[in-house]
Amino acid sequence: MMLSFRSAFTLTVCIALPYAPMAHSTNHNHSSPDHSSPDHSNHDSAAHHHASTMTVTNAKVRQPIPGRTMSAAFMQISNQSQQDIELVSARADWSERIEIHTHLHENGVMKMREIESLPIAAGSSVTLQPGGLHLMLFGLSPNLSTRLPLELCFSDQHCITIEAELYDPR
Ligand SMILES: [Cu+2]
């Protein structure tokens with residue numbers, strides 16, 4: 001168990017490094033809101049208010065094991081717009097770095113992998129949960145409050161700030 005965890009962590013760091021220095025500034029320059037989806041020009045005003053179309057429920061941060069500075073966050077993200085939107089980054093002042101992770105089975109071993117973005121199809125929702133998709137939290141502050149503001153940024157260049165609840169799984 002420990003062995004597979006360590007190797008997954010090493011793998012994660014290797015994948016993460018190229019992206020780390022530019023996490024926020026250059027990630028999603030390609031999607032300009034002015035002409036992102038010409039095909040919905042006939043639709044009504046909803047397309048111009050992306051921020052309110054992403055809703056997050058049941059956001060939780062797992063209390064780290066004492067002495068550790070790494071943990072994970074879980075939540076359900078719903079996309080109520082008429083276009084596919086991706087979660088591209090997350091940040092918080094109580095965590096040095098946050099990555100989007102998924103779990104994969106490889107040779108019977110569960111491994112974590114960083115993914116560059118998390119697609120959420122129009123009108124659907126995605127659940128981040130233990131053993132599956134999650135936000136990986138690195139460099140956690142030693143004294144976390146029970147309610148943790150967390151900023152999520154999406155491919156339509158909108159960011160929302162939600163509040164995650166600290167919970168103890170043990
Ligand atoms: Cu992870």
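Where is the place of Pro-130?

**View 1. Pro-130 in its loop.** In this predicted model, Pro-130 is placed in the loop between strand E7 (125-128) and strand E8 (134-140), where strands (E, at least two residues) are DSSP runs numbered from the N terminus. Pro-130 counts as exposed because it has 11 C-beta neighbours inside 10 Å, the limit for exposed being 12 or fewer other C-beta atoms within 10 Å, with C-beta atoms placed from the backbone. Residues are numbered from 1 along each chain as its sequence is written. Because the model is predicted, local features need pLDDT of at least 70 and side-chain atom pairs count only at pLDDT 80 or more, whereas totals for chains, interfaces and linings use all residues.

**View 2. Strand E8 and its partners.** Strand E2 (residues 71-79) runs antiparallel to E8 and is joined to it by 3 bridges, while strand E4 (residues 95-106) pairs with E8 in the antiparallel sense over 6 bridges; pairing requires that DSSP finds at least two bridges between two strands. Leu-135 of E8 is the bridge partner of Ala-73 and also of Ile-100.

**View 3. Surroundings of Leu-135.** Leaving aside neighbours within four places in sequence, Leu-135 is in contact with residues including Ala-72, Ala-90, Ile-98 and Leu-128, a contact meaning that the C-beta atoms, placed from the backbone, lie within 7 Å.

Conventions. Helices (H or I, at least four residues) and strands (E, at least two) are DSSP runs, numbered from the N terminus. A residue is buried if 20 or more other C-beta atoms lie within 10 Å of its own, exposed if 12 or fewer, and partly exposed in between; C-beta atoms are placed from the backbone. Two residues are in contact if their C-beta atoms, placed from the backbone, lie within 7 Å.
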